[in-house]
Amino acid sequence: MKTIGIMTTGGDCSGLNTVINRIVRGAHLRGWRVLGIQDGTDGLFTTPPSFIEFSDDTLPIENARLSGSFLHNGHAGAMNFETAAADGKLDKFNKRLKESLKSLKLDALILVGGNGSISLAWAHHDIYAHLQLICIPKTIDLDIPMTDRTIGFNTAVQQLTSFCDQLMLTARSHHRWFVVQTMGRDCGQLALNAGVAIGAAAILIPEIKFSIESLVSHIKNMPTDYGIILVSEGVSLRGHSGRPADIISRRLTAAGITNRTAFPEHTQRAGDTTASDRILATRMADCALRAIENNETYVMTAVNNCECKTIGLSEFYNAGDVVADPNIPDLKTSNSYVSPDDPLLDVAHDMGIYIGEVK
Ligand code: F6P
């Protein structure tokens, strides 16, 4: 009988509970034990490690649609890869993680994480040398190389779409524009997808240069006197500091365009998991369990061209844009962004959405 572990790390998103539920279900059907490590790597750094053993009803099916992680994602002040690196204690941290995993006698660990967690797992892969490491990509940012889809992204797009749908009605009543700042870090996928879904007037993302003058003239030439301008949080304006939505709002006001700002913030990481994300979570859980049966290790589940399969962590890492952590240069993550060839950019442009200066 195998014993496998599950761990959720990094920021939460909707879909984590579905993937946990499906891993437990598939593993129990195979006669395997499943341990859930609590609070990500925090649970491994404590002595003894903090974990639970799943029974069939620990995370019942009716709760599998809820956002957040039943296993939690970690404490802000705890020792983790970043704080350990910053304090020069990375070796001690890695040693403790390895010892804890050994003490749990795991045959395999399924790590559900974002590009940061998966990059760190690969960079420190010796920690997992005695077991099979299978990663599952989750994030609302859709910034993980080598996979077209990540758990949580579809729900985040839906949440943002619903938020903007409500604003559109008050915008119309008051003949005003809303400048909505989205999450996404340095990647514009969330803003781009939600912007197309709502029929935004403009979508500003970090990957594409834009000019305020063009934005102003675009808004002034719109057939309506209301609507939504989506601004991704990673957008920066030369010579300005502060939240990009605030800066753009001020510039629009100065140009005589009546507007307000709105910040959906962490509602983008919440909300009942969409059917699409639940199906994705189920496919990825199944793929991860099969990978364990096939004796694979150091792999990540990925969906490309509708096919779900595993890819090597080295492939994942080398395919992306490897960037050093701004605060801790020793830590490097592999990232993906909106490509200039992304077909949604053409669609947005053809539909009269201002997306910047490239088209
Ligand atoms: O990576 C997910 C994400 O939600 C980003 O879109 C956002 O910039 C960040 O995490 C927010 O993190 P926190 O919840 O720590 O403020």
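Helices here are DSSP runs of H or I with at least four residues, and strands are DSSP runs of E with at least two, both numbered from the N terminus. With that settled, I turn to the end of one helix. Helix 12 is followed by Gly352, whose phi is positive, near 80°. At the other end, Asp342 caps the N terminus of helix 12, residues 343-350, with a side-chain oxygen 2.9 Å from the backbone nitrogen of Leu344.

A word on the basis of these values. The model is predicted, so local features are reported only at pLDDT of at least 70 and side-chain atom pairs only at pLDDT 80 or more, while totals for chains, interfaces and linings use all residues. Residues are numbered from 1 along each chain as its sequence is written, and side-chain values use heavy atoms, with hydrogens and water left out.

Staying with helix 12 for a moment, Asp346 is placed there. Asp346 is partly exposed, at 37% relative accessibility; on this scale buried means under 20% relative accessible area, exposed means over 50%, and partly exposed lies in between, with a 1.4 Å probe and protein chains only. The C-alpha atoms of Asp346 and Leu215 are separated by 18 Å, and the two residues are 131 apart along the chain.

Let me move to the sheet, and to strand 8 in particular. How many of the residues of strand 8 are buried? Strand 8 spans residues 227-232, and six of its six residues are buried. Both faces are covered: Gly227, Ile229 and Val231 are buried on one side, and Ile228, Leu230 and Ser232 on the other.

Strand 6, residues 177-182, pairs with strand 8 in the parallel sense over six bridges. Within that pairing, Val180 has Leu230 as its bridge partner. Strand 7, residues 202-204, also runs parallel to strand 8, and three bridges join them. There, Leu204 stands opposite Val231.

Next, the ligand. For Glu233 the separation is 2.5 Å, for Asp141 it is 2.6 Å, and for Arg269 it is 2.9 Å. Taken alone, the ligand exposes 400 Å², and the protein buries 66% of that; these areas come from the Shrake-Rupley method with a 1.4 Å probe, and for residues only the protein chains shown count as cover.

I now come to the charged pairs. A salt bridge is counted when a side-chain nitrogen of Lys or Arg lies within 4 Å of a carboxyl oxygen of Asp or Glu, and by this rule the count comes to 10. I shall discuss examples from that set.

One of them joins the side chains of Glu293 and Arg30, at 2.8 Å from N to O. Glu293 lies in helix 10, residues 275-293, and Arg30 in the loop between helix 1 (16-29) and strand 2 (33-37), so this pair ties together parts that are 263 residues apart in sequence. Glu293 is partly exposed at 40% relative accessible area, and Arg30 is partly exposed at 28%.

Another salt bridge links Arg33 and Glu53, again with an N to O distance given as 2.8 Å. Arg33 belongs to strand 2 and Glu53 to strand 3, residues 51-53, so the parts tied together here are 20 residues apart in sequence. Arg33 is partly exposed at 29%, as is Glu53 at 41%.

A further salt bridge, between Asp286 and Arg290, has an N to O distance of 3.1 Å. Why are these two residues separated by about one helical turn? Because they are four residues apart in helix 10. Asp286 is partly exposed at 33%, and Arg290 is partly exposed at 49%.

Finally, I turn to Ser117, which lies in helix 5, residues 115-123. Is Ser117 buried or exposed? Ser117 is buried, with a relative accessible area of 18%. Its side chain is joined to that of Thr9 by a polar contact of 2.8 Å, a polar contact being a pair of N or O atoms within 3.5 Å; within protein, one must be able to donate a hydrogen and the other to accept it, and residues adjacent in sequence count only if both atoms are side-chain atoms.

Methods:
Two strands pair if DSSP finds at least two bridges between them.
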